[in-house]
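Open the model in your viewer and keep the selection panel at hand.

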Amino acid sequence: MAYEPKIVAFLCNWCSYAGADLAGIGRLQYPTNLRVVRIPCSGRINPLFIFSALRNGADGILTSG
Amino acid sequence: MQKLTKEIQDTAKKLLEENKVDLVVGFAKGSLPLRSTPYFARTAEQAEELVWNQFCENNLANYLKKREEKVAVVAKGCDIRAIVALIKENQINRDNLYIIGVTCQGMIDRNKADELVNGKEILETETNGEEIVLKGKDLEQKAKVEELLYDTCTRCAYGNPVIYDELIGEEQPAKEPNFEDIEKFEALSAEERAQYLAKEMEKCIRCYACRNACPMCYCDTCFVDESTPQWISKRANSAKDNLIFQGVRVFHQLGRCADCGACERACPMGINLSLLTRKGVKDVKETYGYEAGLNPDDKPVLSDFETDDPQPFLMKE
Amino acid sequence: MVHGLWSIRIEMGQTRSITTKNERTVVHMSTKRTGSVLVLGAGIAGIQASLDLAESGYYVHLVESSPAIGGVMPALDKTFPTNDCSMCILSPKLVDCGRHLNINVMTTSELIDLEGEPGNYKAKVKTRARYVDPAKCTGCGSCTEECPVKVDDDFNQGLSKRKAIYKQYAQAYPNAYAIDKNKCLKFKNAKACGKCLKACQAEAINHEMEDEINELEVGAVILMPGFDAYDASKLDYYGYGKVPNVITSLEFERILSASGPFGGHLIRPSDEKEPKKIAWIQCVGSRNCKNDHGYCSSVCCMYSIKEAVIAKEHSEHDLDTAIFYMDMRTYGKEFEKYYNRAQEEQGVRFVRNRVYELTEGEDGSVKIRYALEDGSIQYEEFDMVVLSVGLEPKGEAVELAKKLGIELNQYNFCEAKPLTGINTNKEGIYVAGAFSGPRDIPETVMQASAAAGEAQALLSEAKGTLTKAKEYPAETDVAGEIIRTGVFVCHCGINIAGVVDVPNVVDYAKELPGVVLSTNKIYACSQDSSGQIKEAIKEHNLNRVVVASCSPRTHEPMFQETLKEAGLNPHLFELTNIRDQCSWVHMDEPEKATEKAKDLVKMAVNKVALAKPVQPVKLDMNHDVLVIGGGVSGMTNALNLAEQGYQVNLVEKEQQLGGIARRLHYGLKGEDVQGYLNQLINQIEQNNNIKVYTGQEIADVNGFVGNFTTTLTDGQQIEHGVTVIATGSQEYQPQEYLYGENHRVKTLLELETEIADGQLDKVNNVVLIQCVGSRDSERPYCSRICCTKSIKTALKIKERRPEAKVYILYRDIRTYGFYEDLYTEARQKGVIFIRYSEDNKPVVENVEDGLRVTVTDHVLGEPVEIYTDEIGLASAIVPPVENNQKLSKFYKVPLNEDKFFLEAHLKLRPVDFSTEGVFMCGLSHGPKNLEENISQAKAAAGRAATVLAKDQITVEGKSAVVDKKKCSACGTCEQICPAKAIKVDEEEQAAVVNEALCKGCGACSSSCRCGAINVKGCTDEQIMAMLSAL
């Protein structure tokens, strides 16, 4: 089986999360490997969250805001 | 050195006698060769114990945080950068601090000296200007001081204190910061870097000496000691968690690290810690043109925002 | 007498219309006014005015002719000068407006009749049948997928197709579909179709629906119908509609938009090829007297630059962009810098020219024939040409205005009455946005708030009489209870269930820790589901709820409402998005989508288990106002707020009120400024709600919104809840052109006084030099008003001495909007315009009997010598830097690079600061003319009222919390916090959060090395719990 990375995305509620919604509204298809954590602002992203996600098995992290 | 020691003692005595300060933090002769030890002088007599030599490696900024009394400190360039950074962070009250700045040519790395004499016991040293003689039983080895300096010191561009109330010693020639070590590491492939770091981190025993030696690590509860939430394992057997510990430490040091090398000097396992901290120092300098602890009046770089700040971390369409 | 009381409004302290002729306005007024407002048009202006009114105690009927609110903004890609995504900045306002308890959104509706008087109108509103019940429609979109009829999509400017049953745009509010009656097959033949009816499991579609007429009682009316784009096919030399690849700027916006017809991929619609060379042609349908569009459309220069810059960003190869223009009118705040960057950094080409014709070239290219300034004819070919179409009033709006007896100008715009900013000729009816003249979004928003402010002042006695509030049962205390989570997984018809195996997810959730109930819902958001969730909460004693359905951005507030109605704290809830971010984006991978949905549910269950109730924070508030600056802006603002019933303290540093307007004599439209000013000062002095402090400055400030204490230089202390900064600006004292050395060289303001005193009645030659101290390296901004002011001055000189020769030396003439008429008039009257360039400025020398000006004329290409008696310098508007820096520090509000105050958002919050409770208006914000300052002053009043109208300061409470034991008082959080809501307390040696100001963004928490700060509602522990579900 091909390598399937797990990706965790920290998305700002006001922009990127809305963008991800819009991708849905537009039915843009993308791989299922992404798990989104909605946060109040990209300022909320503590570097520790990123390390913790990696510790919990994520292979890549997307932060966007 | 003798001259500097005398000047420091005189200054300290005067400050104590005139009650300008309650305490002078400096160095005294260590009980072993190649060592000086941090020393607290509260009286003029005690001030006689103060020394200055090429073994005054500890960062004395560590002893100045959240003090109520009036303190004078004998401080070299890197100590003062840390002091400046700590003043910005409300950890040191500048009004209560008298800085006896001492120009510095670098401190001697005991490990390098030991290596030079193939592990023979050094019992005594003698410094003659740019030369040092290491003496012991059946041992008398001459060496250039320059060759025995800590790597941190050879790369240091701040031999002249950036702020002080009184300056002792001759002005040092200006130097440019040197990041060759980091550039070399950056040139490696991602795998090579990961491999190297994994190897280094396997050595870590989580004694936290690095953290405790660091003047900028002063949190009451360090994130590694948190239990709700528990960010990482508290045991040392995971090189990955060890790297997270060091990685987060670097994050916390961004724009703050004075590059004094205290962490690395404190490490009993000889981990190349300055590789990580200095990568942060270099990135901050390259991205924002900022070096920590140079100006007590500017805003810490990562707390400030300018509209034309570079944003290389942003993805472009 | 109920409807017959005549009163003189001045005697009531209610004078609203200030006229230039000092006349007293007598208006028919009834004793009791209606506390609601009719807002016509739900573009950004209508939305802003509605929110301002609803937040300050008035019920709003927001009437919109299309099926959704939003207007033109949703169709725009990015917005200048910040390049923010238009939809991103608009959508929070859409949601706020749509959900507001005190805004009655009426789409597919129009005003058909209005009777009554200011304060009491009866409005007849017709609502056309939508054929879909917005109360039942969940916006899931199943219907549109089934609908067989394809129609040109107006929203995409016809560049793509939509169906006969459609939603105007993806994020539309109401989030409900509508049927295009003219296109739907079922309306032609009842048996022909009906597929949508089958697809809709919510039973929201009803082809039998009928038009409705409602009669509404309102106190005031605000007209903001927006604009239409000029129809470029009317000018056949541009070839629009004939030459392929000649498109309009609005079409180009849709091409650029990620949600547009090509998904943001920059291609030309005719053959879908990527263009390598694009040109923009300015002034299409603007500045053209031949087609009755003599005015400047004000916004096209900026939007074209923006489109060129964004196009370059979108293009994978090096895109050549050229803008063909006559004058570059980047006169707004931060616009000039945007222009400079486009030119210098992004490499957009600017060609000053006149375009003659566009014809078809080879391979679909477009050939432009144009003339340069020197008259030489040139040709250039482009892959695509964008016509920068102008703005014109909407036909329906013009008809309505005529019906209501509203005066329009020669172009059919509803130009506001002089020096009112937003008043029409009818009391109680206001106008804002592009219907009152072409204008950009910030000015539109500003006018909308101004109109709201004016309506608030008119109706202040009826404030709060018609607004509604909701009551909830007492909250259950869940502290110490064992976690009992209920999970509701939504099918969303087939939107989720068609891809995700919902029963599988339901079963999976049953096994998760803390879950005592897991069930499915066909539409979790429907009315009956809401009831079922409430029952389930009671029956199963749930203390945590998870819904797995669609986006929390649209539906979280609704579900939280359900929790509140069931007596649970709304924050014991988690909504996870298994539709927009799962089933819709993984349509071909049902198994993996199901796995992902399970993970998402697990993450939500983990997070909600650690949720704690969050209580709103309430603080007392002072309802008085401090207005700093007693110029026209400060006074207008103070007067409006005083009329709204608030106590206003007006502080002026000079000994008398009036500010820089004391030096003005002629308004840009010929108003008697001194007469106006005296009347305004008189009103201020007569108003019992206003206390004036002259000769005072601000010495110290403490506190925050609702609780400010400001100390004046004489030591007096003023307690106030809101601060308005209206400190104005100054005239630049030129260092150039012999100013100060030769008494014949004057600034425009000095010249104006001399004209008024008759000192120039015998002058033979006058030279006016533009951009003195503006648009240079030291002050890289345009002072906005000088071009118009100079032309007005030239005309005044001509009026008093027609034989005088007046020269205007300029770089670009920036007579935006209707001021273009003055430019036209000046040229007709023989004012001579000579353009110079920044690197070759005019030279002024002393000669016997006068002055000599040498300037290189761009038409002749040679230096011209002008001997003159007088020189007027269009001197820049400069901020009082020290003063601004001082106030900036006191009130924690930022300045921009030019040292003008910087608003919270350049586009949508033009008079707000990001610091709550502090507003600004007038020249302190940036260069503007008197009319615009008045409008902005009213806008600041309208905005301030939204704060003042509250009994208490209430915030949601999802704020940062500090663990004092861990805090080392390093102050990083204080430096980081964008809301200035956290401070290190010297005594405590720890950071303290001001919950009233905290926005809960968490920047403090993530920058806190010591882990001393957490964020309520999104704690570190909760995020870790989510990550542990991976």
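**Stop 1: a lysine between chains**

Select Lys966(C). Beyond its neighbours within four places in sequence, Lys966(C) contacts (heavy atoms within 4.5 Å) Asp220(B), Thr221(B), Glu226(B), Cys1010(C), Gly1011(C) and Ala1012(C). This is a predicted model, where local features need pLDDT of at least 70, side-chain atom pairs count only at pLDDT 80 or more, and totals for chains, interfaces and linings use all residues. Residues are numbered from 1 along each chain as its sequence is written, chains are lettered from A and ligands numbered from 1 in the order written, and side-chain values use heavy atoms, without hydrogens and water.

Lys966(C) lies in the loop between strand 50 (960–962) and helix 23 (972–976) of chain C. Helices (H or I, at least four residues) and strands (E, at least two) are DSSP runs, numbered from the N terminus. Lys966(C) is buried, at 16% relative accessible area. Buried means under 20%, exposed over 50%, partly exposed in between (1.4 Å probe, protein chains only).

**Stop 2: helix 8 of chain B**

Select residues 190–202 of chain B, which form helix 8. Which of its residues are buried? They are Leu197(B), Glu200(B) and Met201(B). They sit on the same side of helix 8 of chain B, because their arc around the axis is only 95° (directions from the helix axis to the C-beta atoms). Now show helix 7 (180–186), helix 10 (239–253) and helix 12 (273–288) of chain B, which are among the cover over those residues. On the face turned away, find the exposed Glu191(B), Gln195(B), Lys199(B) and Glu202(B).

**Stop 3: chain A**

Trace chain A along its sequence: the pattern is β-α-β-α-β. Of its 65 residues, 48% count as buried.

Conventions: The expected span of a helix is 1.5 Å times one less than its number of residues.
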